[in-house]
Amino acid sequence: MEWRQRHAIGSVFLYVVASIFVAYMGFRQIVNLATWNALFWIIILFAAFNASFRSFSQESTGRKIYLFTLASPQAVVIAKMIYNCVLLNTMVFISAVIYAFMLGTQALESPDIMAFSLALFLGAVGLSFVLTLIAAIASQSDNNLSLMAILGLPVILPLLLVLIRFSKNALDGIAWSVNSTYAWQLLALSVLSLALSYILFPYLWRE
Amino acid sequence: MTHYWWKILSAILVVLAVVVGLKTPLSPGIPSTSPDRLNNGVTSVKITGYNTHFTEARESVSIWIENGDSRYCPYEVNVVSDTEIRATFSITGQIQEAFFDLYVANAIDGTLYLPSAFLQDGLEVVSDPNKTASCEISPQKGDESFNFPNQPILNETIRNLLYHVPSWFAMIFIMLISLIRSIQYLSGGNLVKDMGASAAAEVGLIFAFIGLATGSIWARFTWGAWWVNDPRLNGAAVAVLIYLAYFVLKSSVNDDAKAARLGAVYNIFAFVMMLVFVMVLPRMTDSLHPGVGGNPAFSQYDLDDNMRLVFYPAVLGWIGVSYWMYDIRERMSKLTFKKMALNE
């Protein structure tokens, strides 16, 4: 899924907007900050699954062989990660704006916008890094979308828990000195998954 | 015979740990008092002992409570049974702390101690009281026998330490073997290595379930619920989910070599993530679980020498038995593999 498949990018965005709209129909306005934050990240999580799932499953066999002869597997996986990362970042920021617009901002009293933006950025980076490798594994099996969820959810949970706590603190306006440990944890998890993907991906690629 | 020694040893150790762990009595202790408040004036309280010998050591029973620098003795003590004493205290005026610590001594059980046994009720708590009380006490050294420590809240469930903790140690050990086999497979091993990885994951999952079950029972009787929302517990649940997902992945791919490759990659990735979740993250947040979030682990405060004497052999035994199980499982899959190769 790249620029050649604009409809695919469009479908991911539509998916997010539709989910937010469903949430809006269900909740109207959310006044509880914890709910506001958790619902946002759940929507993002499933959208991220959807987006990164396409990065391998929609490649035709012909193009895979073409890439295989052209580039090293490390280059391929890094490229896919960067692409997913950029895509998810755009998606996360746009959907944060739509989400706040639809579901109201009464829940947020003194949000630390800078810290929340950092949470969005690090969250998108972490999610895209972890899910790229999972998507690569899932795309090689037979029933891949359900397998992607089964494989991905337990692995993504540590990252998601740190992320939800970090962004909740940011929205609560808790001081940066307290909250920065979560940012470092997120960064460490992202770097860890980047390194592991770099090492492990070549074994998935050779066929 | 020389090859089997560790199997026999670990089997013996596990059986010994189970028998000794269940048979050893708890040391005498005071689980509760009623009422748990001391009024301004005269209060009569019932002190309940556990595994104590109050009637047998009736002559030597002495009781006192401490509060800050003050010490109070009851003016009336009545030994009702081996496990029950009624005592009457008279306390008035200013005291230093809100809680009283209780001491009960006798010649057989030694000096028993219950911290914060009573809460004050109607007394005046000041940091610098105008008087301190004192009275004669007689601490005793009891009969030494082999027993487990009697901790408040934990009580008899302290034995679970000998089953719950070693099962998680065994699980981590076996999952480590699974990881090593997966790495060996990816770096040019044959399918047998991957079979070892799955065999180890299967055995590890059994120990994870044992750990979850014993932990759940323990949580019920100490924290009051079968499951509590706690980083360490969630980590354990996720670890189980990860390995279940590993088996789903392996069974969903028809081509053996491909399934082995995908499984090995996922195994390595998932193990690292699991380690982060189970070992690293809980230490950074608050948790009820010992050894996490600033809570001291057992070994640091209440694992006494008798407990150690059973605990370390139990850990060795469980790890040995888990390796033995893995060994059998791996040999089984190797034989099935050979049989299939012969049939073709």
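Salt bridges and their setting

Reply: This is a predicted model, and it holds 8 salt bridges over all chains. Side chains of opposite charge can pair when their charged atoms come close.

Chain A gives a local case. D172(A) and K168(A) form a salt bridge with an N to O distance of 3.2 Å. Both residues belong to helix α6 of chain A, which covers residues 144-172. They are 4 residues apart, about one turn of the helix. D172(A) is partly exposed, at a relative accessible area of 32%, and K168(A) is also partly exposed, at 30%.

In chain B, E330(B) pairs with R181(B) through a salt bridge of 3.7 Å, N to O. E330(B) is in helix α7 (residues 305-343) of chain B, while R181(B) is in helix α2 (residues 161-186) of chain B, so this pair ties together parts that are 149 residues apart in sequence. E330(B) counts as buried because its relative accessibility is 9%, under the 20% limit. R181(B), at 18%, falls under that limit too and counts as buried.

Helix α7 of chain B also supplies R329(B). The side chain of R329(B) meets that of E202(B) in a salt bridge of 2.5 Å, N to O. E202(B) lies in helix α3 (residues 191-222) of chain B, so the pair links parts that are 127 residues apart in sequence. R329(B) has a relative accessibility of 28% and is therefore partly exposed; E202(B), at 27%, is partly exposed as well. Further salt bridges share partners, and these join K7(B), D327(B) and R331(B) into one network.

The largest nonpolar core has 128 residues, and the members that touch the most others in it are Y99(A), F201(A), Y266(B) and F269(B). A second, separate core is made up of 23 residues, among them I85(B), F89(B), F100(B) and A117(B). As for Y99(A), its contacts beyond the neighbours within four places in sequence are I20(A), I30(A), T35(A), W36(A), L39(A), F40(A), I43(A) and G104(A).

Notes: Residues are numbered from 1 along each chain as its sequence is written. Chains are lettered from A and ligands numbered from 1 in the order in which they are written. This is a predicted model: local features need pLDDT of at least 70, side-chain atom pairs count only at pLDDT 80 or more; totals for chains, interfaces and linings use all residues. Side-chain values use heavy atoms; hydrogens and water are left out. A nonpolar core is a set of buried Ala, Val, Leu, Ile, Met, Phe, Trp, Tyr and Cys residues joined through side-chain atoms within 4.5 Å. Buried means under 20% relative accessible area, exposed over 50%, partly exposed in between (1.4 Å probe, protein chains only). Contact means heavy atoms within 4.5 Å. A salt bridge is a side-chain nitrogen of Lys or Arg within 4 Å of a carboxyl oxygen of Asp or Glu. Helices (H or I, at least four residues) and strands (E, at least two) are DSSP runs, numbered from the N terminus.
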